Amino acid sequence: MNKVIYADNAATTAMSDKAIGAMLPYLKEVYGNPSSLYSAGQVAKEALEEARAKIAKYLNAEPREIYFTSGGSEADNQALRSLALNGERKGKKHIISTAFEHHAVLHVLKKLEKEGFEVTYLDVHENGLVTAEQVEKAIRPDTAFVTVMYANNEVGTIQPVREIGEVCKRFNVPFHTDAVQAVGHIPVDVKADNIDLLSLSAHKFHGPKGVGALYCRRGIPLVTLIEGGAQESGRRAGTENVGGIVSMSVALGEACENMSANTEKLIKLRDKLIDGLTKIPHSKLNGDRNARLPSNVNISFEGVEGESLILDLNQRGICVSSGSACTTASLEPSHVLLALGLPHEVAHGSLRLSLSEYNTEEEIDYILGEVPKVIEIWRERSPFWEDLTTGKRKHFI
Amino acid sequence: MALYSEKVMDHFTNPRNVGKIEDADGIGEVGNAKCGDIMKIYLKIENDIITDVKFNTFGCGSAIASSSMATELIKGKPVSEALELTNKAVAEALDGLPAHKMHCSVLAEEAIRAAVKDYYDKNGIAYDESQFPEPHNEEEEHDFAEEE
């Protein structure tokens, strides 16, 4: 097989043809500034508002509750900064979250801690799931807000968002969810799910990079991160990325309209991968098997190191990612895998394969043929594996 | 620019001297699993010359390449020369390593030194202790890195 097999769709996705096509007119003919009053500007403005309405529709929100951002990270930052300030004004400086949030949430929380907030990080257990009961127990009179991700980006576990939102609603605590991995992949309904604020990113569902949105329920004040013009109801300055935003709305429409067909296909491919790869001795699926994104596979292989697996698989035309420390500058393995209770040495040997509907069964078969070979080669060369097989060290898996 | 040089990728893809020497004269093992890298070097020494060298490494691409290059650099050399091998020389021979991967070349230097020390100890050869400083405590370094 000569072509590249892309199995890292949780990192980013290929744009769909429709999403690319939708963007082009706004890069060529319709280049007007939506704030301009002549026709070229107003046409762009109309396209922008159509996109807003479309995105709102797919989330079951109102168009005016959608704020366009540069992506998921900005949406997370704006949501958390806003909720922190709103809480602080009422003397509430306690936050509830989880230990395995995306860094766009975690790093804001760390900063807020330095600014005098107290954060309760809920245990995500071995299966990568929190419960609504945990949230309820953690709520205090001074809780400013709750932020729990919809689906985890590394292990793919889907949190009981609706139940968590219900608890928050009952206690009148605002609830934000980072839904970057969920929107366009599994049903998300801000009303039914009791969500007050939600972050999403276009490039996770075959849309363009550099575009995202923040849903903020009417009545919840937002702070501005970027000062300037009056775009986005004065909550986010800067001339809008019209082509990107239109393209995002088209990609989301496509993803939502095809969701059930995609899900059916993906679950089949995912389960084939999980069943095949966990046949490798001393391997383990990370994250709950059932409450899991249709696209996500995350497996630890004992005795090997993730980066060498990625580099080797890359040479075989397979693109995946790892929870290994060596893929980052920090030298620490994935905080998500550590939060699930994996020892450092096992977290280093983890692979994440995240699929999209563009993957084929033939590709899955090729992956299932190559990964066991790669694991065997690197175990053969690993003194850590030698220690495990000779009994000098105990197996964890 | 790619993360790794072509030379690193060459030594990663086709590692030289990978394996074990069953009747090795000296074995050195450094690093730890918790930090994601363990390097084990086997030496065969005759008349003070390193006649054969093999390695086994658990680690990332640069750890594999550093082990491979380090074994190439000391093969056929007198033991005294192997002791002079620096991590910088290993990294340079690989056309450089990314800054946060330099510790991999340090491991290679330390693994070789540990293997020579093992050879000296096994054969009752006297040596100056100062030639063999304690290997870096990686965990401490990692804690530091995490703080940043």
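The model is predicted; local features need pLDDT of at least 70, side-chain atom pairs count only at pLDDT 80 or more, and totals for chains, interfaces and linings use all residues. Residues are numbered from 1 along each chain as its sequence is written, chains are lettered from A in the order in which they are written, and side-chain values use heavy atoms, without hydrogens and water.

Chain B gives 30 residues to the contact and chain A gives 27 (heavy atoms within 4.5 Å). About 2,300 Å² is buried between the two chains, 61% of it on carbon and sulfur atoms (accessible area, 1.4 Å probe, lost on being put together, summed over both parts). B:Phe12, B:Lys34 and B:Phe58 supply 24% of the area that chain B buries against chain A, more than any other three residues.

Three salt bridges cross the interface (a side-chain nitrogen of Lys or Arg within 4 Å of a carboxyl oxygen of Asp or Glu). B:Lys20 forms a salt bridge with A:Glu386, with the closest N and O atoms 3.3 Å apart.

In chain A, an open sheet of 4 strands runs in the order E9-E10-E13-E12, with antiparallel pairing (strands are DSSP runs of at least two residues, helices of at least four; pairing takes at least two DSSP bridges). Strands E9 (283-285) and E12 (321-322) of chain A each have a single partner strand, so one side of each is left without a neighbour in the sheet. Strands E10 (296-301) and E13 (350-354) of chain A pair over 5 bridges. A:Asn298 has A:Arg352 as its bridge partner in E13(A).
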